[in-house]
Amino acid sequence: MSEKKPFYITTPIYYPSAKLHIGHAYCTTIADAIARFKRLAGYDVFFLTGSDEHGLKIEQKAEAEGVKPIEYTDKIVASFQNLWRLLNISNDDFIRTTQERHIKVVQEIFRRIYAKGDIYKGEYKGLYCTPCESYWTEHQLDENGCCPDCHRPVQEVAEEAYFFKMSKYADRVLAYIEEHPDFIQPVSRRNEMINFIKQGLDDLCISRTSFDWGIPVPTDPKHVIYVWFDALTNYLTPIGYLDDPEKFQKYWPADLHLVGKEIVRFHSIIWPCILMALDLPLPKKVYGHGWLIVDGDKMSKSKGNVVDPIALIDEFGADPIRYFLLREINLGQDGNFSRDALIQRINSDLANDLGNLLHRTLNMTLKFQGGEVLAPQGESDVDKALKADAAETVRYFAENMEQMELSSTIKKVWAFISRTNKYIDETQPWALAKDPARKQELANVMYNLLESLRLISVMIAPFMPQTAERIWQQLNLPQAFADVQLADIEQWGGVPAGLHVGKPEQLFPRIEVK
């Protein structure tokens, strides 16, 4: 058997100062769906998420609460890890920038780039946005003289600092972006980055002396390393940059950095400059997804419209939340979250379409055939049409998930679910069961329904992993669901004759809206 092809996918590491909201769930669920599909397709996946725990605003928030910064971050990091557990996020590692393994990597990277002459000491005078951990020049501010990213006030700061010679790599990064059109996606983000670089890149301030919550500069410990130089290098730590060359060779360069559109610039300009200084290859793709808005309005504490994902999961379950986020929003575009729309999807798509298909099929198998799967023989035109639709859906699933077309893939799978429900109405198994002469015809219909559900369970696994496995278990299929691969659904006929199906259990109760 040939060795599996590696696939390294990352989400941004989240600030522990941030309150949990549905946007965190969205980004990580996208990455999880992609990672799960890649495993299904036979890749050796390494999926990384984590927390970015240093910087001035963390220190300030900890001080306001009367605790040490590490105590403050420990508590909030635990809430992120709990959310990933509730959402069934299948990450292979969780990196914390406060971990000793990462501190060693950051300090060694600083040493190597400093020794190369690409880091120098100077004095920084300029404008700083504490919430964004970003420095700005006067001409980069918005029309109100505020941070162009978060539109909050900036402060004038002046202090001794180390600088990374980012300007040295500007032309090289620009040439790389222009020569590799798939490096930054979607295209709108790519164009933004090209325009940003053409305005000129300043050298990057990478240390501070006005606070001490950070990784010390190895040769000058009164400085702490500025957050983006610390944060971006997290992608190297868990794959053995310093201590496991074989693992590092296997997974680097990363196949996909999935990030919010507001931090594409850091990942597609600053990060490539750092990697070039280290003589390391660049990641294959940086994808900037859109923002999640709530009922047509951007989430904010002041508006009181921040949606707590844990409360949603407690009320509706993880899989319905995952389904809604991935189906409703086209990757790369902003998307709208609405509680009413979520309930409508649960009732129509999940309870009516998928839940009823499974329940009806298992009930009829139990009622008409004692729960036994009988071998099919021959096929009608209606049977042929269903099988053709199944083959087309599996092909579309494989091709479009490779292209990260999550929303359109879900819609295609649900079109097949609707088609299978229609097949029940076309063939009317209850009528066939009344005629002993049509026993084989009934056996064919029931087999086709069960086989369709086998395919459906595998195709929804990246999006709704718990539901997928529950369907598999109710079908009582002999293969362990964890061992299923995409190749297992490329051929029709995987349900074995002689199998006895399980009893149907309701997947999604309808939600009554008062």
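Which helix gives the most to the lining of the second largest pocket, and with how many residues?

Modeller: This is a predicted model, in which local features need pLDDT of at least 70 and side-chain atom pairs count only at pLDDT 80 or more, while totals for chains, interfaces and linings use all residues. Residues are numbered from 1 along each chain as its sequence is written, and side-chain values use heavy atoms, with hydrogens and water left out.

Helix α14 gives the most to the lining of the second largest pocket, with 3 residues. Helices here are DSSP runs of H or I with at least four residues, numbered from the N terminus. At least two lining residues come from each of α1 (22-40), α13 (381-402) and α14 (406-427). A pocket is found on a 1 Å grid over the protein atoms alone, as an open set of points where a 1.4 Å probe fits, with protein on both sides within 12 Å along at least five of seven lines; lining residues have an atom within 4 Å of a point. The volume of the second largest pocket is about 540 Å³, where volume is the space filled by probe spheres set on the points, and points are joined across faces, edges and corners.

The lining has 24 residues, and K285, Y287, E402, Q403 and M404 lie nearest the centre of the pocket. By class, 10 lining residues are nonpolar, 6 are polar and 8 are charged. In this scheme Ala, Val, Leu, Ile, Met, Phe, Trp, Tyr, Cys and Pro count as nonpolar, Asp, Glu, Lys and Arg as charged, and the others, Gly among them, as polar.

K412 has its charged end over the ring of Y396, 5.3 Å from the centre. K261 lies over the face of W291, at 4.4 Å from the ring centre.

On the cysteines, the whole structure holds 0 disulfides, a disulfide being a pair of cysteine sulfur atoms within 2.5 Å. C129 is in no disulfide, and the nearest cysteine sulfur, that of C150, is 3.6 Å away. C129 is buried, at a relative accessible area of 0%; buried means under 20% (1.4 Å probe, protein chains only). C27 also counts as buried, because its relative accessibility is 3%.

How values were computed. A charge sits over a ring if NZ of Lys or CZ of Arg is within 6 Å of the ring centre and within 35 degrees of the ring normal. Buried means under 20% relative accessible area, exposed over 50%, partly exposed in between (1.4 Å probe, protein chains only).
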